[in-house]
Amino acid sequence: MAPETHADLSFLSRLGVKGVHIPGTSTGRHSLDPATGPTDPATLRSTTPVDGSLIATVSSTNRAQYDEVVERAQEAFRIWREVPAPRRGEIVRQIGDELRAHKEDLGRLVAYEMGKIVEEGKGEVQEMIDICDFAVGQSRMLYGKTMPSERPEHRLYEQWHPLGPVGVITAFNFPVAVWAWNAMIAAVCGDVVIWKPSEKTPLCAVAVQRIVARVLERNDLPEGIFSVIQGGREVGEFLSTDDRIPLVSATGSIRMGREVGRTVAGRLGRTLLELGGNNAIIVSDRADLDLAVRAIVFGAAGTAGQRCTTTRRLIVHEAVFDELKERLIRAYSGLRIGSPLDPETLVGPLVDAEAANAMQAALADLREAGGEVLFGGEVLEGDGYEGGNYVRPAICLAENHYPIVQEETFAPILYLMKYTELDEAIALQNGVRQGLSSSIFTNDVREAEAFLSAQGSDCGIANVNIGTSGAEIGGAFGGEKETGGGRESGSDSWKAYMRRQTNTINWGRTLPLAQGIEFDV
Ligand code: UN1
């Protein structure tokens, strides 16, 4: 089926992002920027991976515009930090309601600009709504501890204050939800947010910005509470090198994270890094294979393998290896690949030609190392696939030590390997430099608990009988080792967006010193 036959693109005009040139510092209220045009070299072209057509152009933020954004953000911060936290939560509640009203349109834009299927696009907007709800509650729970002082007539406690303007750098694959994880929590904490979205998905950010700006306007709040800057690496560097930005939260590749981490650490700023994963599922001989197959297909082929939580390695007990392999090949044969806007599709295109080339290169490396492609892997051409980067998800035989298996290729490639003893499986699972997500399928409580123990998975996320992807917002999200160590979203991740202050108050008439020190003058 040709993509255009089922493409109702009216959501683009409803979100205000169709066929326009959008300035690089969109505030939600601008329309056309007369100073720059589509011929400007610093113009981002947002094309859809559905068929490669141009949706709109967006100019990159230049240094002078960036400085203006930061100044506006600093001004907004002075106002926002004085708004009581539960009142900040009320603004976030209203943002959640606006997102509910735009869930369908925004979900479609995510699908159209990034290539994930509409169902997952809407799921991503739901993830934004969920974090709004979570943040509303959190706005009444920015708890500090009170400790007993060792001195009489003294009170000792700690409290949390906002940090200031927080930089949020996000990746193309979750073009709206990851911003929301950061921005909604940061907002209830009293911070203001400067967002640099991926240069591959600038329009999703513009659409979100417009939705949010309406809420700010309605509440007479400055638009500098949530700003967007657009562009590539150099625009990200504006944030990482700027000591007016106390925290930079960055999601993306390990290469990018290493650079941001190094630069921000150089000025003793803080980072929150959520970088690459190389996630594995262990399938035991005591697993429910029906559950396992469904979870593996969603985890490995869903989102065309472009989640940081995508299942990339499958470590299978030798007793069930052949059966599972056959069942996966059967399931993969039935995967409908096509336009992400078509409700029948399960696997959309890769984001761009570079991603499709990287997939081909990875499969070539795999073969060279001695591995084998058992199913799929090819680039799809012809009817319905013109102009897009459609590929068939691949199932491969591999060994963990192959250099390509040690890397995260952002494409639907699943590497199968065999194990005999659980210890060996856990060692394989941990035997990569990344440490984001992991899971085991087993009905044996001993195996499950061993996997979750300190000697088990070394990842930030470890699941039993569910896959590696599709985490809920309520838990802290992030990973260890080269994944960067940051935690976003739920649990107590809010603490990363605040500064802690310890206060000791002497309400007596004497001045006893701590540790019993006598120092009389
Ligand atoms: C990402 O790929 O960067 O757990 C985020 C998941 C989603 C978030 C993924 N909730 O798969």
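Author: Start with the residue classes. Ala, Val, Leu, Ile, Met, Phe, Trp, Tyr, Cys and Pro count as nonpolar, Asp, Glu, Lys and Arg as charged, and the others, Gly among them, as polar. The model is predicted. On those classes, the lining of the second largest pocket has eight nonpolar, seven polar and two charged residues.

Reader: Which element gives the most to the lining of the second largest pocket?

Author: Helix 10, with four residues. Strand 18 (461–464) and strand 19 (476–477) each supply at least two. The pocket's volume is about 340 Å³.

Reader: What makes a space a cavity and not a pocket?

Author: In a cavity a 1.4 Å probe fits but cannot get out, whereas a pocket is open. The structure holds three cavities of 30 Å³ or more. The largest cavity has a volume of about 120 Å³.

Reader: How do you know where the largest cavity lies relative to the domains?

Author: By its lining. Domain 1 (10–275 + 487–499) and domain 2 (279–472) both give residues to that lining, so the cavity lies between them. Among the 13 lining residues, Glu127, Phe174, Trp181, Thr309 and Phe477 lie nearest the centre.

Reader: How does the span of helix 6 compare with the one expected?

Author: Helix 6 (residues 177–189) reaches 18 Å from its first C-alpha to its last, close to the 18 Å expected at 1.5 Å a residue. Just after helix 6, Gly190 takes a positive phi of about 100°.

Technical notes
Residues numbered from 1 in each chain as written. Predicted model: local features only at pLDDT ≥ 70, side-chain atom pairs only at ≥ 80, totals over all residues. Heavy atoms only, no water. 1 Å grid on protein atoms, 1.4 Å probe; cavity = no way out; pocket = protein on both sides within 12 Å on 5 of 7 lines; lining within 4 Å. Points joined across faces, edges and corners; volume = space filled by probe spheres on them. Domains from an automatic or database assignment. Expected span 1.5 Å × (residues − 1).
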